[in-house]
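Work through the exercises below with the structure open. Try each task before reading its solution.

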Amino acid sequence: MDTMRGTSIEFQSITKSFGAVKAVSNLSFTVEPGVVTGFLGPNGAGKTTTLRMLLGLVRPTSGTATFAGAAYRDLPNPLSTVGTALEASSFHPGRTARNHLRVYAAAASIPRERVGTVLDLVGLHDDADRRVGGYSLGMRQRLGLAFALIGDPGVLVLDEPTNGLDPEGIRWMRGFLRARAAEGRTVLVSSHQLSEVQQSVDRVVIITRGEAVYEGSLAGLESGARVRVSAVDQPALALALIAAGAEVHPDAGVLVATGLTADEVGAAALAAGIVLSLLAPEHVGLEEAFLGLVGADPDPAAQVVPTATEEAR
Amino acid sequence: MIAAMRSETLKLVTVRLWWILALILLGYVGFTAGLLAGLFGALGNQLAASPGAPQLPPESLPAIVYSTTTAVGYVFPLIFGALAVTGEFRYQTLTPTFLAEPRRGVVLAAKLVVVGVAGAIFGVVGLVASMGIGAPVLALTGNDGALGSSETWLLAVRIVLAMALWAVIGVGVGSLIPNQIASIIVVLAFTQFVEPILRFGTSIWDWTAQIGQFLPGSAGDSLVGASFFTSFGAGAAGAVSLEWWQGGLVLVAYAIVLSLAGLATSWRRDVT
Ligand SMILES: Nc1ncnc2c1ncn2[C@@H]1O[C@H](COP(=O)(O)OP(=O)(O)OP(=O)(O)O)[C@@H](O)[C@H]1O
Ligand SMILES: [Mg+2]
């Protein structure tokens, strides 16, 4: 169906500083329709800030974020083009869920019938006339999703949508996002945990400290991570790999290269005329590859994990 | 703009604040109007009975009693207007609001109009109290409630207009001071403490009185044209007063300046 077709989302060198804090720096990536794109990064990486810039809520220090070339504020019917659920729960506690949705449906000239439809869709039918102040975290999350869906938009932008959902809800969300993407919509979903989205996303963009560290398929994330390599002349090999842009660590008598694929490592050795005695791409788990990428995590709690795995090697 | 106004109207009627405030206004204005009607009604009769004493003209009584709607009630629309804005900051509902209508100026304009209408409704509620209780009490003390006089009804219209403008000014205050507690404190401190002192202080000299008449409370009293504060209170001594329409324009000017200042500051800020 043509009306379902989402537009692409383009971030171009977008940057945001809050005073001295550089929340997002020079981030560029594109989100295509028809697939679910995961937007990953540890706490404080700048995910929410990036999404809020896309939606015109935060003014970028520099750069642009657009929907097929148009800024959010220039969209003729924003809620019918882009559906948004941001992590902060933005509800008046004294208003019922149904009235909450009516308020914004009215602002966007969306027919009132949609309110009941989306409440049913997210499973809030029985609680729709309760005041939101008494809602659980998962119920608020569902109401946030209902708000995102109210205009039946072609683009969905969801900030940590599985936060607070029960296992049943998480499974439902996975299927739901996949189905929306299969219809041709654009789906961008953020998370600070790879495991939460790895079953539902096709592509990932990973940021840490406001900078992109990976953009591509999940499979590429796994394979390109580490290559064990050795040669008779190890110092020369190390120099050749570093010159080719890899990071090299000695490990149990061989070298471990990161930042290059096995093919690139082989090519670099060939170019330097070095005979390899070992070339083995390591299939680290997705989670490990992810943690390796976001490595130096500003969040102390999250930092324990990569350091521990580093030492275990 | 029409859609934004419908949204703002729904915002007001889907939470309980408006009718809680309306109920308190009803009780507070009704009580004050009844008290003044009884007091001045009886006092006027006494003074009339003692020749040589200063007279309280009986035809001024209804206006004094009915204008309690604004004299004691104007803080209600003012606070209501401020809460309509600061609540959006407090509960972070600016996020869905600006997602649904990214033209932020349109949102503020719609809010000004809708809250202004709500202020007028507060005015009607206040008049129901002040006339509904004041007129019978005046009658009990043998005075005329003047409910048949066109002057009384023109007064009522000016009161409704004043209440609407106070609500609009409240929106301006809220958009300039988005912190809910801070803006309520500022409103209460200014209306209950700072302005009465300024009005009294400026009434001492002629030249300061020229400035004092532009204080929002003085302008509001000029618009209504009667208030027991101006009739008997601190301001009476040397205060001069604007024409009713000038008072109205001064209130409009306050509303515009505050709202534009809010639009240029808090309303433009990042919503995080
Ligand atoms: N309004 C603000 N004022 C100052 N600093 C801010 C503001 N909003 C965000 N930041 C800072 O910007 C950085 C990125 O924050 P952001 O909320 O975008 O991260 P995030 O990736 O969404 O994290 P999380 O996974 O915890 O939600 C953090 O260092 C944060 O402290
Ligand atoms: Mg976040």
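**Exercise 1.** By class, how many nonpolar, polar and charged residues does the shell around ligand 1 have?

Solution. The model is a predicted one. Step one is to find the shell: 14 residues surround ligand 1. A residue is counted here if one of its heavy atoms lies within 4 Å of the ligand. Step two is to sort these residues by class, which gives five nonpolar, six polar and three charged residues. The closest residues are A:Gly44, A:Gly46, A:Lys47, A:Thr48 and A:Thr49.

**Exercise 2.** Why is the site of ligand 1 shared between chains? Which helix of chain A gives the most to the shell?

Solution. Begin with the chains. Residues from both A and B surround ligand 1, so the site is shared between them. Next, look at the elements of chain A. Strand 2 (21-31) and helix 1 (47-54) each supply at least two residues of the shell. Helix 1 of chain A gives the most, with three residues.

**Exercise 3.** Describe the open sheet of six strands in chain A. Which strands stand at the edges?

Solution. First write down the strand order, which is 5-6-7-3-8-9, with mixed pairing. Strand 5 (82-85) and strand 9 (211-217) of chain A stand at the edges; each has a single partner strand, so one side of each is left without a neighbour in the sheet. On average, neighbouring strands of this sheet are turned by 15 degrees against each other, direction ignored. Now examine one pair. Strand 5 and strand 6 (residues 155-159) of chain A run parallel and are joined by four bridges. A:Gly83 has A:Leu156 in strand 6 as its bridge partner.

**Exercise 4.** Across which strands of chain A does helix 1 lie?

Solution. Helix 1 of chain A lies across strand 3 (36-40), strand 6, strand 7 (186-191) and strand 8 (203-208) of chain A.

Methods
Residues are numbered from 1 along each chain as its sequence is written. Chains are lettered from A and ligands numbered from 1 in the order in which they are written. This is a predicted model: local features need pLDDT of at least 70, side-chain atom pairs count only at pLDDT 80 or more; totals for chains, interfaces and linings use all residues. Side-chain values use heavy atoms; hydrogens and water are left out. Ala, Val, Leu, Ile, Met, Phe, Trp, Tyr, Cys and Pro count as nonpolar, Asp, Glu, Lys and Arg as charged, and the others, Gly among them, as polar. Two strands pair if DSSP finds at least two bridges between them. Axes are lines fitted to C-alpha atoms, for helices over the stretch in contact, and angles run from 0 to 180 degrees between N-to-C directions. Contact means heavy atoms within 4.5 Å.
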